[in-house]
Amino acid sequence: MSIEEENAAETEMTAEMRMKHPLQNVWSLWFYKNDRTKTWEENLTEIASFDTVEDFWALYNHIELVAKLPLGCDYALFKQGIKPMWEDERNKQGGRWLINFQKYHANPDLNSCWLEILLCMIGEAFDDYGEDVCGAVVQVRGKVDRLALWTASAENKQAIRRIGEILKERLHLLHRNGIWCEVLSKEANERYIKDNHSPGKYRANIPLINSPEFSSVFNCPVGTPMNPAKKCKLWG
């Protein structure tokens, strides 16, 4: 190979290495700092936006891991133009999947779960329902850490169900992590901020009645309240 051919090959290789891989959407990372001297919205800061795989990793590798955030702080990743608040027009008609990680229990790793949600969103892993995903929030608190995946429409039941199924599969959630879905509203948001638990009616019975292991161990007849014939894949 001549010197000219070697130089041409090196130039082509350099250009290929510099080529970035575009994402389907532009995403914005937000940070919420728990400063009680400021309003909630004043505490919310948009850190950066990205639209390529390489820029995502550059950003992710230069921010603090979720588990190292001070108590009361949040990260949020949303499609560009959507703020991580229920008042945003793109969120008003939506809902969210919620997951609690009680700190006195052994749980899946919070850092890994948060990263997996990010990769699902930017990698369009929610089948044909990527357009129904607005963003996700992780909250670090004293007794319980929380993850939430926000969706655009609470009326699209098929999209919500499939998004929840994929979320549970990808995060390898346990029964006690309590995944549930709710419609976004001011009241729901305030309850979510103040209460460490899933809604009372879902807290114990729902995970158990959808658990084949529970029905087997306690010999619950099929069709009884604690062993329905049709079980929910999300809760089971």
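Predicted model: local features only at pLDDT ≥ 70, side-chain atom pairs only at ≥ 80, totals over all residues.
Guide: Local features here need pLDDT of at least 70, side-chain atom pairs count only at pLDDT 80 or more, and totals for chains, interfaces and linings use all residues. Residues are numbered from 1 along each chain as its sequence is written, and side-chain values use heavy atoms, with hydrogens and water left out.

Visitor: What makes F78 and W150 an edge-to-face aromatic pair?

Guide: Rings of Phe, Tyr and Trp (its six-membered ring) pair if their centres lie within 6.5 Å, and planes under 30 degrees apart are stacked, over 60 edge-to-face, the rest tilted. F78 and W150 sit 5.4 Å centre to centre with 85° between the planes, hence edge-to-face. F78 is in strand β3 and W150 in strand β6, so the pair ties together parts 72 residues apart in sequence. Strands are DSSP runs of E, at least two residues, and helices are runs of H or I, at least four, numbered from the N terminus.

Visitor: Why is C113 called buried?

Guide: Buried means under 20% relative accessible area, exposed over 50%, partly exposed in between (1.4 Å probe, protein chains only). C113 has 4% relative accessibility, so C113 counts as buried. C181, at 29%, counts as partly exposed.

Visitor: Why are α3 and α4 called oblique to each other?

Guide: Their axes cross at roughly 135°. Angles under 35 degrees are roughly parallel, over 145 roughly antiparallel, 65 to 115 roughly perpendicular and the rest oblique, so α3 and α4 are oblique. Axes are lines fitted to C-alpha atoms, for helices over the stretch in contact, with angles from 0 to 180 degrees between N-to-C directions.
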